[in-house]
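Q: Could you give me a close look at the inside of this protein? I'd like a plain walk through it, one piece after another.

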Amino acid sequence: MSSTQPKPAVPDVVVEPARDDPFLWLEDVEGERALDWVRERNRAALLRLATPRQREIERAALEVLDDDAKIPYVSLAGGLLYNFWRDAVHPRGVWRRTTPTSYRTPSPEWEVLLDLDALNAAEGQDWVWHGASVLRPGCDRALVTLSHGGSDADVTRELDLTSLAFVPESEGGFVRLEAKGGIGWIDRDTTFVYTDLGPGTTTPSGYPRTVRRWRRGTPITEAQLVYEGAADDLYISAHHDRTPGFERDLVSRAMTFYESETYVLESDGTTTLVPVPRSADVDVHREWAVVRLRDAWETAGSAYPAGALLAVRLDDLIAGDATPTTLFEPTEHASLDDVTWTRERLVLTILDDVRNRIEVLEPPARDSAEWQRTPLPGAPSTATLSVAAVDRDESDDLWVVATDFLTPATLHLVDAAGRKPPEAVKAAPAAFDPSGLTYEQRFATSDDGTQVPYFVVRSTDTQPAAPAPTLLYGYGGFEVSLTANYSGVLGRSWLERGGTYVLANIRGGGEYGPAWHQAALRENRHRAFEDFAAVARDLVATGVTTPERLGCKGGSNGGLLTGAMLTMYPDLFGAVVIQVPLLDMRRYTKLLAGASWAAEYGDPDDPEQWEYIRTFSPYHLVRQDTTYPPVLLTTSTRDDRVHPGHARKMTALLESVGADVTYVENIEGGHGGAADNAQAAHMSALAYEFLWQQLG
């Protein structure tokens, strides 16, 4: 991999950061002038995109999302299976539970614990589900987290799972007011709470800076402080490990997205640092600390490479008297995708050239240094395997999902300890007809010679009458890996209608471990964009499509990616879809959670770093004299992670230079862009209709 590639030149731009931003007023999220601007563009977008085809795509997408036959994925607690479910009858959803025996039947008997639609009707609210934590071992109480309209900021309320009523604060119930943060059980009458409690209790990104021990019946403002992070930290939290015989409290201090520390909270209130590199992730279970390295580490006279997974007994690690055991080392083709504990086994999900395999490891006894390693028993032969659920306190059961682009998901129950045979428990229905379709993996050569993998899903007809309309999707950031997953909405909206779909595994992601991610950090961000452009060129060079029939789509960090494609590589595409995006990289650290991403992109307030950031800030790369492909920008008013001002201002700027731009802003939805299945189907259908209009 070369590090001497020239960086993109910065062209004459429309917005000069040294001057006033003419569209700064659009950052006023709920300002009447800004919302009038939004409503006007929403009306124009619907006039353009609300066609009979769009309505048919939306109907089909909603049918997929609301299908009663889809797999009800579960979490585990106290021998029961918990599921959150949305369908046509319950658009905001119900939280429910059942027994393992009932779950295996075609129509399980569910006990409904909370109906969000009924709750919204009763309270006149717009609650969206954010999750729940069940109190063990009795499982008769839960901390339920709800969000207004899907925003990241949320509330927590204690639910009595016997009476199915919330426990009022006046009766000692735990109630956390709206903020970014959380709350977790210690015991029935005690929790850890980390949330906004006023000045000095949040970080620059709006996340919690303090952790407190909160006892039932006392005001949250009187909760005992157990840890306070530094003023410029990212996120502080804590949790109680209730594993019998290994009960302990752990505090997590995240300084940046990629640097953190873990502390054991001692009974006297002091903290003991778990001594691993700040860039590493550490997971403590029973007597073990499992350490996942982002950077190389030298300790106890041995050297361990970035991307390795190590195991060491926690007490020995803290005492400084330990030599870690290597459980996984990356290769040119293989990286670690996920690490999961069951009660007595460690489960590794590995990527080999972006295809999964799973291994199960048995820890050694004290007098043995060997970890026993076996492949996942009865592993399905699909490209993508993922662990959907475990109960690391009570069971070695492993719930595994198997799928690929053309194979609906199946849910398998596997005993990680090998005491019982694997069982296929549930299978999702086919949402589209895969006959006549195939997928393959290819590699494109990026500007510096790096081989970039990508998947192509298309018709088996090798001699089509014309190059196919092709949708290229990517992300390329935050060490996120994209794999071959089944999407009924994609199949119905695009593949069945004759479109080709391409998934690009560009640098910045985690497909080949930390090095693949770090290759596109900060001053090297251009490599992610060069990789994506290389895939686009390869699709044309190999006859899959033409620039006029090639579109790209991405959201969040992927919205930055497609924004870069629009402004840096406009000749490669016939249409661009930019969703809930980052685009103004001059101001991103000042908007909502943006400060938390400086480790990924750099600090624009540092003049030296701004010099490279400005080379990939789409908002500052718009030119007066450039012909841009048609572009659709979408966002959500309630997105409190990536500010909607990014998409608003980019739209206004593109309009000012005469670009063909369509803008849609959903009033609800948060960073996911939709608060329920109907909103998700609607927003998805608008994007596919836009692509069909431009590419079809």
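**A look inside**

A: Let's start with the largest nonpolar core: it has 110 residues, and the members touching the most others are L472, W494, F529, F573, L633 and L654. The biggest share of this core, 10 residues, is supplied by α13. Keep in mind that this is a predicted model.

Pick L654 and look at what's around it. Leaving out residues up to four places away in sequence, L654 touches L566, V622, Y628, V631, L633, A659 and V661. L633 in that list is also one of the residues that touch the most other core members.

Now for α13 again, from another angle. Helix α13 (677–695) is among the elements that cover the buried residues of α2, along with α1 (32–49) and α6 (488–495). And which residues of α2 are buried? They are Q54, I57, A60, A61 and V64. These five sit on the same side of α2, because they cover an arc of only 130 degrees around the axis. As for the helix itself, α2 runs over residues 52–65, so 14 residues in total, and spans 20 Å from its first C-alpha to its last, close to the 20 Å expected at 1.5 Å a residue.

Next, over to a sheet. Here you'll find 4 strands in an open sheet, ordered β28-β29-β30-β31 and paired antiparallel. The edges are β28 (384–390) and β31 (423–427); each has a single partner strand, so one side of each has no neighbour in the sheet. From one strand to the next, the twist averages 30 degrees. In the pair of β29 (residues 397–404) and β30 (residues 407–415), the two strands run antiparallel and are joined by 7 bridges.

One last stop is A383, in the loop between β27 (372–375) and β28. Is A383 buried or exposed? With a relative accessible area of 4%, A383 is buried, since the cut-off for buried is under 20%. Its contacts, again not counting residues up to four places away in sequence, are R355, N356, T403, D404, Y439 and A484. A383 and T407 are 24 residues apart along the chain, and their C-alpha atoms are separated by 9.6 Å.

Conventions
Residues numbered from 1 in each chain as written. Predicted model: local features only at pLDDT ≥ 70, side-chain atom pairs only at ≥ 80, totals over all residues. Heavy atoms only, no water. Expected span 1.5 Å × (residues − 1). Buried < 20%, exposed > 50% of the residue type's maximum accessible area, 1.4 Å probe, protein only. Arc of directions from axis to C-beta. Contact = heavy atoms within 4.5 Å. Core = buried A, V, L, I, M, F, W, Y, C linked by side-chain atoms within 4.5 Å. Pairing = 2+ DSSP bridges. Axes fitted to C-alpha atoms, helices over the stretch in contact; angles between N-to-C directions.
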